[in-house]
Amino acid sequence: MVVIEYNAKFPPDLEWVMPYEETHAWMGTDKHGASLKAFERLGDRLGYSLVATNISGVNAFFVRKDLTQDKFAGPATAETFYNPFRADRIQFANGHPCSSCLKYEKARKIFAENREYKVLIWGTGDVCESLLNKLPDNCMIEAFVETMPDKQEFKGRKVISAESFQEYYDKTDVTIVASTSFADEIEETIETKIGNQENVFFWGTDILEL
């Protein structure tokens, strides 16, 4: 048996591996390890099947294929066995949990609260449409953000440029980035504009379900 920690920030269908950096030092961000899908495929190449993950969304369990003999549920994929990171299910907090991984738990609790939240959404494409279909009723959209706006309005709300982001960020409770193709560039822009990303969440990573 092989037991290995996976990075639960990434959804089960996403294969992601942190590129090797000789001088890298972990800074408490989500830039570490690999997604469960990446480990599933690595295990398959090495002759191991993914058979389980623990409920806290930290460890993945692999067994040599010739020993499984239909003893485990299947199929042996990340989609079958993925668990999101759940800080409240870790009894002994003696490790070094990633601060960004904790944002999943924070987002889940925020959107479950019985109060109104003013929300700023970055993106107006297909990913945004997916988010809007699931956005709770307690989320009031103040505006949408586009790096290079090609429209002034979307879904009855104003579309602002990245240059105006900080002004609107200061007037809202939560910012949700609804873009995957340009997520890295948007994250860098937000870091430059406001530095603190405590109330910035990325749909599909920090927020997996609402």
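Buried means under 20% relative accessible area, exposed over 50%, and partly exposed in between, with a 1.4 Å probe and protein chains only. The model is predicted: local features need pLDDT of at least 70, side-chain atom pairs count only at pLDDT 80 or more, and totals for chains, interfaces and linings use all residues. Residues are numbered from 1 along each chain as its sequence is written, and side-chain values use heavy atoms, leaving out hydrogens and water.

View 1. Helix α1 spans residues 36-46. Helices (H or I, at least four residues) and strands (E, at least two) are DSSP runs, numbered from the N terminus. L36, K37, A38, F39, E40 and G43 are buried in α1. The buried residues of α1 pack against β1 (2-5), β2 (48-53), β3 (59-64) and α3 (78-81). G47 follows α1, with a positive phi near 90°.

**View 2. K37 in helix α1.** K37 has a relative accessible area of 5%, so K37 is buried. Beyond its neighbours within four places in sequence, K37 is in contact (heavy atoms within 4.5 Å) with P12, D13, L14, E15, T77, A78 and E79.

**View 3. The W122 and F165 rings.** The whole structure holds 5 aromatic pairs. Rings of Phe, Tyr and Trp (its six-membered ring) pair if their centres lie within 6.5 Å; planes under 30 degrees apart count as stacked, over 60 as edge-to-face and the rest as tilted. The W122 and F165 planes meet at 55°, so this pair is tilted, with centres 5.2 Å apart. W122 lies in strand β4 (residues 117-122) and F165 in helix α6 (residues 165-169), 43 residues apart. F165 is buried because its relative accessibility is 0%.
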